[in-house]
Amino acid sequence: MLLASVEYARPSSLDEALSLLAANPNARALAGGQTLINVMKARIAAPELLVDLNAIPELRGIQETDNGLELGAMATCTQLARHEAVHRERPILAKVAAQIADVQVRNRGTVGGNVCSNDPTNHLPPVLVAVGATMSIAGASGIRLVPAEEFFVGVYLTAVGPGELLTGISVPRRQGGDGFASVTIGADGTCIANAAATVNGSTRIVLGCVAAKPVLLEAPSADEPAVRAVVDDATLDPPSDVHAPAAYRRQLAAVLAVRAARQATREAA
Ligand SMILES: Cc1cc2nc3c(=O)[nH]c(=O)nc-3n(C[C@H](O)[C@H](O)[C@H](O)COP(=O)(O)OP(=O)(O)OC[C@H]3O[C@@H](n4cnc5c(N)ncnc54)[C@H](O)[C@@H]3O)c2cc1C
């Protein structure tokens, strides 16, 4: 289906983009367009103005910092999958980014778009919560920092408010190990369930696809019985759909959490 008519702006600075968004409550940021253009074609979203973020230098790229990595909101999934510093400092991000959809989606789709759309089946939200990432959100009153575990608010909802933009994501340098496991609809498909784990003295387990936002659990250890027990005690109420009933997703959550924790333990050793 063709797009409905929409105004388009391509600002070259963050300030300009924020002014455009603040001036029009029906404006939407356009990143890779992989989700937004599709929902506009389906008439599920009908913004008056698209504010294209692709010409804003400060949102691009991936930098190594003293503490770890700084991912620009406009870094693509392909850049995340291939970046040498990501492979060295937090390889789980590269591994998971490489599993997202297909080459075209990874080449166009951005890290910022992936987390700001907060589709509960997306790959990156659980991983970013597990690794303890911090999101930078810019608005009229400056930049505020939000821990990833508070960033995801509900289905398609995040802490980014009207007139604000996600500018980047800080990921701390790896101290222990990380893991990720998923069951998808076919090869490279959407996740039916996924789990991320970080083992670093404590064991953080984050479940995806079983609630409106990633479910963060702390396990007393990364051993299978401890991880299974913490998932079982979480009283998950996942959705049922054509791909899986709730009971299957609940069972997958425990299996995938154990696999992710095992992988994280191996990486930490
Ligand atoms: C066929 C297909 C299969 C896919 N499969 C998967 C999959 O298996 N796993 C997975 O994780 N993802 C999957 N995706 C999603 C994809 O990885 C992209 O992350 C996603 O489409 C959004 O990224 P984008 O850069 O295209 O954002 P856009 O579509 O441009 O934007 C998405 C939303 O985020 C907002 N937004 C974007 N950037 C910012 C910002 N910096 N600040 C504030 N708001 C912002 C936009 O306004 C919009 O509401 C799939 C997409 C497609 C089309």
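Is Phe-151 buried or exposed? At 0% relative accessibility, Phe-151 counts as buried (under 20% relative accessible area is buried, over 50% exposed and in between partly exposed, with a 1.4 Å probe and protein chains only).

A word on the basis: this is a predicted model, in which local features need pLDDT of at least 70 and side-chain atom pairs count only at pLDDT 80 or more, while totals for chains, interfaces and linings use all residues. Residues are numbered from 1 along each chain as its sequence is written, and side-chain values use heavy atoms, leaving out hydrogens and water.

1. Phe-152, at 3% relative accessibility, is buried too. There is one aromatic pair (ring centres of Phe, Tyr or the six-membered ring of Trp within 6.5 Å; planes under 30 degrees apart are stacked, over 60 edge-to-face, the rest tilted). The rings of Phe-151 and Phe-152 are edge-to-face, because their planes stand at 85 degrees, with centres 5.1 Å apart.

2. The largest nonpolar core has 38 residues, and Leu-93, Leu-128 and Ile-169 touch the most other members (a core joins buried Ala, Val, Leu, Ile, Met, Phe, Trp, Tyr and Cys through side-chain atoms within 4.5 Å). Apart from this lies another core of 27 residues, including Val-210 and Leu-256.

3. Leaving aside residues up to four places away in sequence, Leu-93 has among its contacts Leu-69, Val-86, Leu-128 and Val-171 (heavy atoms within 4.5 Å).

4. In α10, Val-227 and Val-231 are among the residues that meet a set in α11 including Ala-254 and Val-258 (helices are DSSP runs of H or I, at least four residues, numbered from the N terminus).

Definitions and conventions. Helix = DSSP H or I, 4+ residues; strand = E, 2+ residues; numbered from the N terminus.
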